[in-house]
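Colleague: Before I plan anything, walk me through this fold. Keep it brief.

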Amino acid sequence: MIKLEDLSWGQRIGLELLWWGAKGFAILPYWFKFYVVEPMLYFLLCHVAHYRQKVVMENLRRSFPEKSEEELKRIKRGFYHNLAEVFIGTFNMAHLTDQKIRRYFRLRNFKEMKAAMPDEHIIVLFAHHGLWELGAFWTMEDPTHESLGIYHQLRSKVVDLFYQRLRTTAYSTPVQKKESMRFLLTHFKEGVRGRKMAMGLIADQHPNIPVNEDTHWFRFLNQDSVFFDGGEQLATRYHMPVYFAPMFRVGRGRYEMEFHMIYDGKEEVEKHAITERYVRRLEQMIVEAPELWMWSHRRWKHKKK
């Protein structure tokens, strides 16, 4: 994990400018951020910069071959609105009080989920859908679990440390992906800050692994796809329950999240079965609200022979 001492003095100054700029933006009125800045950012991304528009349309055409070009363009415009909101919502996290968190983010079925949730370490599978960064705040309603945000180290040290600050709260701890196994084993007995671990994995990204004859392919959005299966490996090895956490947009900058158990930590399952359950739930969520998914990512870099 990148630390402050890894930065040069110039990079440290850049980090502080970025951080305090974000905090200054975060304290602005809600209406200004989401009803003035967000539409302006949407216009810049979609109609001026045309940010990865070719990738977006290519992904949409392959995923929804049954839809007309006009329908796809409508989804594309919705995606850019969502992308603008992701930027605004992420910077907004630089100054979030408990009161603000509850204003922007709520859990739909938490009482039912909590009543059935075992008092042990769990895995929560998220996706790049809606304002996913808010998913780390669910543990503010559950003092028995610490949310661990597993993330890939970013190329820019300044931006990486900026995101570390955003994701470090009284309820959540960021953990770099390559250190996640060691972190799990170190805290498996005692937990983190006296709480059980809830390992949050954004599992819809394309895994950085070579494709060979042993690669398992999933049929997803009408395409053969490769998925990150680290959550399944941890779940079956350490008997950890797995939850799928879909997110729903209920207003500008406002989201709700649900929990659905897809593995109880005890069931005997075949290899790839847990990931398959995640893929099917994810696909259903995207079909119901396609504009909220990150279509600008290159998710189908490899092709099945």
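This is a predicted model: local features need pLDDT of at least 70, side-chain atom pairs count only at pLDDT 80 or more; totals for chains, interfaces and linings use all residues.

Modeller: Residues are numbered from 1 along each chain as its sequence is written, and side-chain values use heavy atoms, with hydrogens and water left out.

Colleague: Is Gln 53 buried or exposed?

Modeller: Gln 53 is found in helix H3. Helices (H or I, at least four residues) and strands (E, at least two) are DSSP runs, numbered from the N terminus. Buried means under 20% relative accessible area, exposed over 50%, and partly exposed in between (1.4 Å probe, protein chains only). Gln 53 has 18% relative accessibility, so it counts as buried.

Colleague: Which elements do the buried residues of H3 pack against?

Modeller: H3 spans residues 53-63, and its buried residues include Val 55, Val 56 and Leu 60. Contact here means heavy atoms within 4.5 Å. The buried residues of H3 pack against helix H2 (30-48), helix H4 (69-92) and strand S7 (223-225).

Colleague: Why are H3 and H4 called oblique?

Modeller: Axes are lines fitted to C-alpha atoms, for helices over the stretch in contact, and angles run from 0 to 180 degrees between N-to-C directions. The H3 and H4 axes come within 10 Å and cross at roughly 130°. Angles under 35 degrees count as roughly parallel, over 145 as roughly antiparallel, 65 to 115 as roughly perpendicular and the rest as oblique. H3 and H4 are therefore oblique.

Colleague: Which residues does Gln 53 contact, leaving aside neighbours within four places in sequence?

Modeller: Gln 53 is one of the H3 residues that meet H4. Leaving aside neighbours within four places in sequence, its contacts are Cys 46, Lys 76 and Tyr 80.

Colleague: In S5, what is the bridge partner of Gly 149?

Modeller: Strands pair if DSSP finds at least two bridges between them. Strand S3 (residues 145-151) runs parallel to S5, joined by 5 bridges. In S5, Gly 149 has as its bridge partner Gly 200.

Colleague: How many residues of S5 are buried?

Modeller: S5 covers residues 196-202 and is mostly covered. Strand S2 (residues 122-126) also runs parallel to S5, with 5 bridges. The buried count in S5 is 5 of its 7 residues.

Colleague: How far apart are the C-alpha atoms of Lys 114 and Met 285?

Modeller: Lys 114 sits in helix H6 (residues 110-116). Lys 114 and Met 285 are 171 residues apart along the chain. Their C-alpha atoms are separated by 22 Å.
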